[in-house]
Amino acid sequence: MVVGALDVGSALEWAQWFVLGFFAVLFLQSGLDKVFDWKGNFQYHKEHFASSPLAPLVPVLLPILTVMEVGTGALSAVAAVQFLLGDARDTALAALAAAGITLLSLFAGQRMARDYAGAAGLVPYFLVALFGLLLHADVR
């Protein structure tokens with residue numbers, strides 16, 4: 001049975017689609033939460049980074065992070081839909097690269113805030129991004 005280009009019997013194709021869907025949900029939820037609760041998120045980030053070198057940059061970095069998260073989530077969602085409809089290798093690779101860049105940005109911020117547990121919590125997400133890149137790699 002085939003749904004678009006997705007062969008229901010192919011575990012590889014399901015894994016490829018799941019990784020894209022995972023990042024669509026992750027980053028759209030996180031980014032849109034910042035959009036719809038800007039005041040609460042701003043206050044949280046201001047307090048979280050209060051004793052870090054990033055403290056004075058929170059007003060500049062939070063909008064950048066929000067755009068990165070919403071953009072990564074939207075690109076992942078588009079790639080997931082394209083994957084169902086046909087070949088979306090370029091969009092998928094772009095979405096997964098964006099996920100890696102966004103996660104590295106979050107990781108750097110957590111490390112600078114000396115929130116080592118928060119930084120460690122991002123590692124599994126980063127591994128999923130690396131795994132997704134390998135799943136979508138052209139191995140000809």
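Select Phe23 and Phe27 in helix α1 and show their side chains. Phe23 and Phe27 are four residues apart in this helix, so about one helical turn separates them. Helices here are DSSP runs of H or I with at least four residues, strands are runs of E with at least two, and both are numbered from the N terminus. This is a predicted model, in which local features need pLDDT of at least 70 and side-chain atom pairs count only at pLDDT 80 or more, while totals for chains, interfaces and linings use all residues. Residues are numbered from 1 along each chain as its sequence is written, and side-chain values use heavy atoms, with hydrogens and water left out.

Are Phe23 and Phe27 buried or exposed? Both are buried. Buried means under 20% relative accessible area, exposed means over 50%, and partly exposed lies in between, with a 1.4 Å probe and protein chains only.

Now look at the rings. The whole structure holds five aromatic pairs. The pair of Phe23 and Phe27 is stacked, with 5.8 Å from centre to centre and 15° between the planes. Rings of Phe, Tyr and Trp (its six-membered ring) pair if their centres lie within 6.5 Å; planes under 30 degrees apart count as stacked, over 60 as edge-to-face and the rest as tilted.

**Helices α1 and α5**

Select residues 11–36 for α1 and residues 116–136 for α5. At what angle do α1 and α5 pack? The angle is about 140°, and the axes are 10 Å apart. That angle makes α1 oblique to α5. Angles under 35 degrees count as roughly parallel, over 145 as roughly antiparallel, 65 to 115 as roughly perpendicular and the rest as oblique. The axes are lines fitted to C-alpha atoms, for helices over the stretch in contact, and the angles run from 0 to 180 degrees between N-to-C directions.

α1 passes α5 in a left-handed crossing. Left-handed means that the near helix is turned anticlockwise from the far one by less than a right angle; clockwise would be right-handed.

Show the side chains at this contact. On α1 they include Leu12, Val19 and Phe22, and on α5 they include Tyr125, Val128 and Leu135. Contact means heavy atoms within 4.5 Å. The residues of the contact of α1 with α5 divide into 12 nonpolar, three polar and no charged. Here Ala, Val, Leu, Ile, Met, Phe, Trp, Tyr, Cys and Pro count as nonpolar, Asp, Glu, Lys and Arg as charged, and the others, Gly among them, as polar.

Next, pick His136 in α5. His136 is buried, with a relative accessible area of 2%. Leaving aside neighbours within four places in sequence, His136 is in contact with Gln16, Leu20, Phe83, Arg89, Ala92, Leu93 and Leu96.

**Helices α3 and α4**

Select residues 58–85 for α3 and residues 89–112 for α4. Their axes come within 9 Å and cross at roughly 155°. α3 and α4 are therefore roughly antiparallel to each other. Their crossing is left-handed.

Pick Ala98, which lies in α4. Ala98 is buried, with a relative accessible area of 18%. Which residues does Ala98 touch, not counting those up to four places away in sequence? They are Thr72 and Leu75.

Go to Gly40 in helix α2, residues 38–48. Gly40 has 34% relative accessibility and counts as partly exposed. Draw a distance from Gly40 to Gly86: their C-alpha atoms are separated by 40 Å, and the two residues are 46 apart along the chain.

Then select Arg114, in the loop between α4 and α5. Arg114 is exposed, with a relative accessible area of 64%. Its phi is near 60°, a positive value in a residue other than glycine.

**The whole chain**

Zoom out and colour by element. The protein chain has five helices and two strands. From the N terminus on, the order is β-β-α-α-α-α-α. The C-alpha atoms fill a box of roughly 55 × 25 × 20 Å, taken along the principal axes. Of the 140 residues, 36% count as buried.
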